[in-house]
Amino acid sequence: MQVTNITNQKTASITFLGSKKDRVSSIFRAITSNPKIAFGVSVVTFFVLIAIAAPLLTPYDPNASIVKGSLPPSWAHIFGTTGLGQDIFAQIVYGARVTLMVAFVAAIGSTILQVVMGLSSAYYGGMVDEVLSLIINVFLVLPGLPLTIVLASLASASGANKNEFVIALVLLFTSWSYGARVLRAQTLSLKEREFVAAARATGESSLLIISSEILPNEVSLIASTFVGTFVYAVGAEVALEFLGLGDTSRPSWGVILYWAQNNAALIVGKWWQFVPAGICIALLCAGLTFINFGMDELSNPRLRVERPLRRHLISRKSKAVASR
Amino acid sequence: MTPNLAFSPHRYRPAITFFSLLVVLSIMLAACGGSSSTTTTTSHPTTLHVLSAPGQPNPDLFNSYFTTNQGGDFGAQGLLYEELYFTNLYTGQTSPWLAASYSYSSDLTQLTFHLRPGVKWTDGQPLTSSDVKFTFDLMKQYPALDQNSVWALLKSVDAPDSSTVVFSLVHPQSTALFRLGDQVYIVPKHIWANISGDPAKFTNDKNPIGTGPYKLTSYSTDLITYKVNSDYWGTKPQVQTIQVPSIKDNTTAITEMIQGKLDWMGTGWNPDYNSLYTSKDPQHNKTWFAASNTVMLYLNLQKAPFNNLNVRKAINAAINRNQLPQGVAQYAAVANPTGVIIPTLNAWIAPQYQSMSFTYSASQVGNYMQQAGFKKGSDGFYQNASGKPFTMSVDVVNGWSDWDQDVQFIVNDLNAAGIKATVNSESGFTPYYNAITSGNYDAAISWTNSGPTPYFPYQALLSSANSAPPGKAVVGTNFERWDSTTSNGFSAQTDKLIAQYEASSDSNAQKQAIASLEDIMVSQLPVLPLTVNVYWDEYTTKNWKGWPDANNAYDAGAPYNMPDAANVILHLTPAS
Amino acid sequence: MRYLFRRAGFYLIALWAAVTFNFIIPRLMPGDPAEAYIAKLQTQQITRAQIDAIRAEFGVNPHVPIWKQYLDYLNGILHGNLGISTSQFPTPVGDILKQSLPWTIGLVGAALVLSFFIGTLIGILIAWKRGSWYDTAVPPLLTFLSAIPYFWMALGLVYIFGVILNWFPTDSGYDVFNVSPGWSMDFIGSVVQHAILPVITLIIGSLAGWVLIMRNMMVTTLSEDYVLMAEAKGLSERSVMFHYAARNAILPSITSFSIALGLIVSGALLTEIVYNYPGIGYSLYKGVQSDDYALVEGCFLVIALAVIFANFLFELIYVFLDPRVRHGKK
């Protein structure tokens, strides 16, 4: 289960107005000051680097049968081999590309859709809002994973799932509604602010208002939902591949687990077919979640970890009051 | 005034909650201790646990018109309902069953059965010829029941008296004894004539009335139980009870075999069979994988240049068969170039082909391709005369790892020989099957049919009636679309030889027909034999003995072939 | 009340959307329901007449126009007729679902209730003890736990508790060989035994969600003035915590519940698949594997219906619990 920090939408956004240099340095400060974000970003960067550098990290082709059968980890094969004799470490580093790429594309597409739907529905109001809101809510209520499975099996039956972007599309379709709703709520509150009213009064076009007044104030929220969607996409993608609905001939983290399950690796005691892929997925998701939590903390000071001092103040205060 | 009440009762609330949860959990754990999770292996050998194939819950269809492959329950055929005349799938020998004797007319257009006297249905009524006639007529009335297409052979079924049945055939048909006598299971007219609705949907799970050695005691999607029929007309089986569980996948099935919960199953190949299964108890845990049919490389003869015999010869010479049976496909021995399964049907292979091996020669590839008008391009791959590169893809179902592996080897071999080839991994069985039946493929790996003689695979493979014009679906296994337009005139010969076999009751004439078919297989290469498929047969002798195996091959051992599986059960005796 | 009608109307629309989706999607699939069955036949001489007859058995009639098919389909659903399963012919899909649904409800219900209580309690505790080592250690640990893919955790539990330690059974809903379904102690005991690992998997996976929801709610609530007032009045920690803060914080917002339900449903799906637990999720999976589109449709419909219904139910409860909503203010 992928958890995003479900907070009240009344969070103050970090505004990124100001010069570009300020923006860059403020982002950098945000990343390094908060331990959660720092951890998360480093984990994600680690995996991205691994994915990019895959050919440098392993001499093996992830699809090639190198040895006979499934061997436990050894110096030649750090993570052991699959039932068909393929090197698991190679499958993990090359598979990282697939997993990351699909999830990334799904997250980007989903975020764009969220922004468009959420912002337009809130800004334009009236009938547009009614209709778009209805669509958002309907998608919200439909159960996500079953719908994803049904769509993915359609893709699989027609052979379309060979193209990894089809899976990204399926994930997009089922993940956009939550973020759209969050953005809509935020936009609704922003719409009433003075600077928006002022811009409207001066006759600026809606599009310009949205892009230059509202959007910049929602960047942190959009970033947060993007990360949340990314986590969901990774989890859902891995789940689909585990069920065999992805392209099982192309190694990715979920496909590794699919073959491990198919070959009953657990019952036979071949834990190395399961553990590395699972740990990578967990680390990646945890890292992304931490980024999200960290960003939440930055925007909502109340969530920050309190120093014990304040607690003592309260109890001293209550004792002082009580003893009167 | 009052200080912090350090001893407020509320303080304990979380503790109380946790404590009560703990209590609940421990009760549950105690319940664990009660019922053990290991099996009660008091192997009182009266019960046989059999699994015909893992994967689905037991369907609710005790309808003898459906094999287990077609969604029927294990035992509906063979255990509840029986055939007229048994043909042993492995040895080809025939023996009386519900019919005591049979006779063909001299021109093989009429097959007469004389029923065994004294056979009763489990409700006490006698078996008569009207039951047999009804069984067949019902298939004519409801074609969905006739999934073996017996009415393609039949003109009519008559019951001149209560113990005689006469089948009038459309053409002379020596295979009618097998197709009508062994493959159709007789149902009682007095019950089935009165069922309401579509007989194809008749679940028949409430006290089905049959002639067979077992009666249905209970049915659930998780477990079927049969008990022996004490009024059975034949020798009483020693297996008193048969239980058929539904097991969700292969690995669970293997685990249950090891734990002693299963005696017999037909689960597909697992490269870890040795470590997983046989080595756990080598004295009792056994497997017997006998050849069942030949796996072929089909080439789409309706697509150029596969209709060119020289191209087919070239591809044939490029593949190294000897390296195919390894790794995940260890069990699959190299086939015989005639496509007849060895060693089971050795007697049918013409002497000159008995020890024939496949050509594997790069120079031969070059010769044939040249004769076909192809030249190697600068990249080392063949091009046709006008410079267009020759490429081909080989279809396989993604996930059938033994065939995945072998197709990869084949593609590697072809590329090494200069023929540009790729693997086309179909995402599932259905799209793959669609592709090969509709001719949307270049080359594909696939099975052929099995049967007690080579006629059955050859007929399905080569009969031009099974072929179809481009775009339409073929039937049988004529995936290569061998007919008058693609066979260079040879399909007329193969059709004639097939008809010759059907028209001769004399086994020598039949062997001759098969031998001539083998000639065409070897010289014309309508398809390229690769390896053999096997019958999946895993069993343990812990509780029961009398199983067929390589040394005592009295029948095919896989539990999913009826009526042979029933035959095996009737041979079992308690191990202790 | 007008609010309720509006919400009911919305849920009806959502229902209609789910049903229509269900109708459209299988018809986008290549081939037809009989295709997979026919592909399995592989018999020697099956003629085209047979193939047509079999297609008719599965109710495939290409000559009926689409709009009529849609109306027939809606009509069928209202009467509980969801078609015939091709992988378990001739059992109607409705019968298969009737059998699987209780298992899933049991699993999800038990996991939901248990994880709600455990998670909420933990959430309250760590929210109260802000700044202590609980607060620093537990949320990150729980976050990590929740980031682990559900099924991977399930597999890990299968391995540790089932294969290595052999404490619990790891397959099926009950012991098929020794026990038969019925209201006997044996059967119930077997069911409980087989449910332990799947329920634990679900609890671990969803625990983080409840804990964090509760913690954040508590955090927001704890800074409210009335809590400060209660503290100032000298009430005990526990009293303030449970009677003031938690009671208000425990109202999960509708969105949170809806998402939590969605997550637990998907978790249950994956858990059932790993443990071969005979619920709806498992039927859905088997349907997908065997190209049994009628079954897939049916499962999706039932799941969507259940989720929509649960959401509506919870909104009803929320309306009664939160006076602000009742009076039209949000």
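**Domains of chain C**

Chain C falls into two domains, domain 1 (2–78) and domain 2 (96–322), with bounds from an automatic or database domain assignment. Their contact draws 12 residues from domain 1 of chain C and 12 residues from domain 2 of chain C; two residues are in contact if their C-beta atoms, placed from the backbone, lie within 7 Å. On the side of domain 1 of chain C that touches domain 2 of chain C, helix 1 (2–28) and helix 2 (33–41) each supply at least two residues. Helices (H or I, at least four residues) and strands (E, at least two) are DSSP runs, numbered from the N terminus. Helix 1 of chain C gives the largest share of that side of domain 1, nine residues. By class, the side comprises 10 nonpolar, one polar and one charged residues, where Ala, Val, Leu, Ile, Met, Phe, Trp, Tyr, Cys and Pro count as nonpolar, Asp, Glu, Lys and Arg as charged, and the others, Gly among them, as polar.

The structure is a predicted model, in which local features need pLDDT of at least 70 and side-chain atom pairs count only at pLDDT 80 or more, while totals for chains, interfaces and linings use all residues. Residues are numbered from 1 along each chain as its sequence is written, and chains are lettered from A and ligands numbered from 1 in the order in which they are written.

**A helix pair in chain C**

Helix 12 (residues 280–289) and helix 13 (residues 293–321) of chain C have axes that come within 8 Å and cross at roughly 150°. Axes are lines fitted to C-alpha atoms, for helices over the stretch in contact, and angles run from 0 to 180 degrees between N-to-C directions. The two helices of chain C are therefore roughly antiparallel to each other; angles under 35 degrees count as roughly parallel, over 145 as roughly antiparallel, 65 to 115 as roughly perpendicular and the rest as oblique.

The crossing of helix 12 of chain C past helix 13 of chain C is left-handed, meaning that the near helix is turned anticlockwise from the far one by less than a right angle, with clockwise giving a right-handed crossing. Helix 12 of chain C contributes C:I280, C:S283, C:L284, C:G287 and C:V288 to the contact, and helix 13 of chain C contributes C:L295, C:V296, C:C299, C:F300, C:V302 and C:I303. These residues comprise nine nonpolar, two polar and no charged.

**Helix pairs in chain A**

In chain A, helix 2 (residues 35–52) packs with helix 13 (residues 275–299) at an angle of about 145°, their axes lying 7 Å apart. Helix 2 of chain A passes helix 13 of chain A in a left-handed crossing. Among the contact residues are A:G40 and A:V44 of helix 2 of chain A and A:G287 and A:I291 of helix 13 of chain A. The contact residues divide into 13 nonpolar, three polar and two charged.

Helix 4 (residues 88–124) and helix 10 (residues 219–242) of chain A pack at about 135°, with axes 8 Å apart, which makes helix 4 of chain A oblique to helix 10 of chain A. Their crossing is right-handed.

**Chain B**

Chain B contains 15 helices and 22 strands. Of its 576 residues, 50% count as buried, that is, with 20 or more other C-beta atoms within 10 Å of their own C-beta atom, against 12 or fewer for exposed and in between for partly exposed, all C-beta atoms being placed from the backbone.

Six of the eight residues of helix 15 (residues 564–571) of chain B are buried, so this helix is largely enclosed by the rest of the structure. The buried residues of helix 15 of chain B pack against strand 1 (47–51) and strand 2 (85–87) of chain B.
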